[in-house]
Amino acid sequence: MKFDNIVIGGGMAGLSAALRLVEAGQKTLLMASGQSALHFSSGSVDLLESEGDPRTTLPAFMAAHPDHPYSKVGMENIEASLADLQRHCAEQGLPLVHNETNHQRLTPIGTLKRTWLSPDTCACITDAPIPDALLLATMEGFRDFHPALAAANLATHPRFAHCRVLTGEIRLPQLAEFSRNPHEFRSADIARLFDKQSGGKHPLVAELAREISRMVQESGVPDCRHIVLPACLSLGLVGPRLAELEQRTGCTIKEVATMPPSLIGMRMQEALKRRFMALGGTFLTSERVLGARYEGDKVIGVHSQNGDDQLFEADNFVLASGSFFSRGLESRLRGIREPIFNADVLSLEERDAWAGRRLFDHHPFMGFGVKTDDKLRVLRGGKPLTNLYGAGSVLAHYDPIKEGSGSGVAVATGWQAAGHILAGV
């Protein structure tokens, strides 16, 4: 089974690489082992933690961190990769918005997280005036979003000093079936019910609209017209559903990512996957890659859990298998290991030095990962494998949490790895 390119990993980095390759006419296979980290993601794209425009901060940041993945991509290519992501998402009906500076996305616990791109359905704080009243609501019995907690945290933010942050609970009899098994009362379960009843006159959406109107009336602030709901109204594109609710209620309605699984992140993955397949790409899921075969410094093929006799061959490969969470990196007593290619890995010999002593300390293991050269070619035995490129959180030399750069690095390095392949580097 021979392809021009094989991309290992179905997260943001792998999809960014695969989309650029397939759009250039390359026969491309993407091999995903299962759920990616996008299922646990807000769906926003962080570029770099910054109060202003992160693009003005990045040049100095890259100069101070020459081994950082951003430094190997370059400013021009970082911006081009993000523009490409926006274009692909828009083609699938998932517009991503941004300002000239980082905006602030509302988190499930009511804090504000700086980010660069967000789906237009998300509750975000921009330079626009804060409303006089805001209502945070949830479904009765839903355990993955707690409006009272979110409201208490949000009310401490200086920009909300004049805003009345209200809370409410939506009672829908149609959700009663989940009360028998609260372990199944998750965002995806609610979304499936809304999707199931989405035909005809949308009876469940109409009932939800009546409940929103009731909450506004009972809040004692009848002019409250800004509502935030947990992201649980559709497994697919939720924009049309929110637009219908806004039309029925006269309110502005946005959504906030819930505790995992996050439907906003799942929608992002599905949108990019649909786009990849529509362009002619081949997507294999539940296909964990276990090893590879080589000819000198070149990879000739990889095999999966289905057996060593089934070799997937290609001219070029992209390793976007993720970090520890996705098993792209393995932590063992003897150290950190990349399990597919046995690539060179940045680590520390002294295990006690891997993590800080306190939860919110800096943790050095966050910067562990696969080493690459300046063309993002993966190193093995100190030398680059000439047709294997690294992308995303499997890479070394960056801390996505501390820097606020995780998804930005994934998009930029995936896109750039594909660019090197197309340029024949």
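Modeller: First, the naming: helices (H or I, at least four residues) and strands (E, at least two) are DSSP runs, numbered from the N terminus. The model is predicted, so local features need pLDDT of at least 70 and side-chain atom pairs count only at pLDDT 80 or more, while totals for chains, interfaces and linings use all residues. Residues are numbered from 1 along each chain as its sequence is written, and side-chain values use heavy atoms, with hydrogens and water left out.

Rolling a probe the size of a water molecule over the atoms shows where empty space is left. The search runs on a 1 Å grid over the protein atoms alone. A pocket is an open set of points with protein on both sides within 12 Å along at least five of seven lines. A cavity is a set of points where a 1.4 Å probe fits but cannot get out. Lining residues have an atom within 4 Å of a point. Grid points are joined across faces, edges and corners, and a volume is the space filled by probe spheres set on the points.

Now the second largest pocket. Its volume is about 500 Å³. It has 25 lining residues, and the closest to its centre are Ala123, Cys124, Ile125, Thr126 and Lys254. The largest share, three residues, comes from β10. By class, the lining holds 17 nonpolar, six polar and two charged residues. Here Ala, Val, Leu, Ile, Met, Phe, Trp, Tyr, Cys and Pro count as nonpolar, Asp, Glu, Lys and Arg as charged, and the others, Gly among them, as polar.

Two of those strands, β4 and β7, also belong to an open sheet of three strands. Its order is β5-β4-β7, with antiparallel pairing. β5 (112-115) and β7 stand at the edges with a single partner strand each, so one side of each has no neighbour in the sheet. Two strands pair if DSSP finds at least two bridges between them. β4 and β5 have four bridges. Gln104 stands opposite Arg114 in β5.

The largest cavity has a volume of about 70 Å³. Its lining takes four residues from α4, which gives the most. The second largest cavity holds about 30 Å³. Among the residues lining that cavity are Asp67, Lys72 and Thr372.
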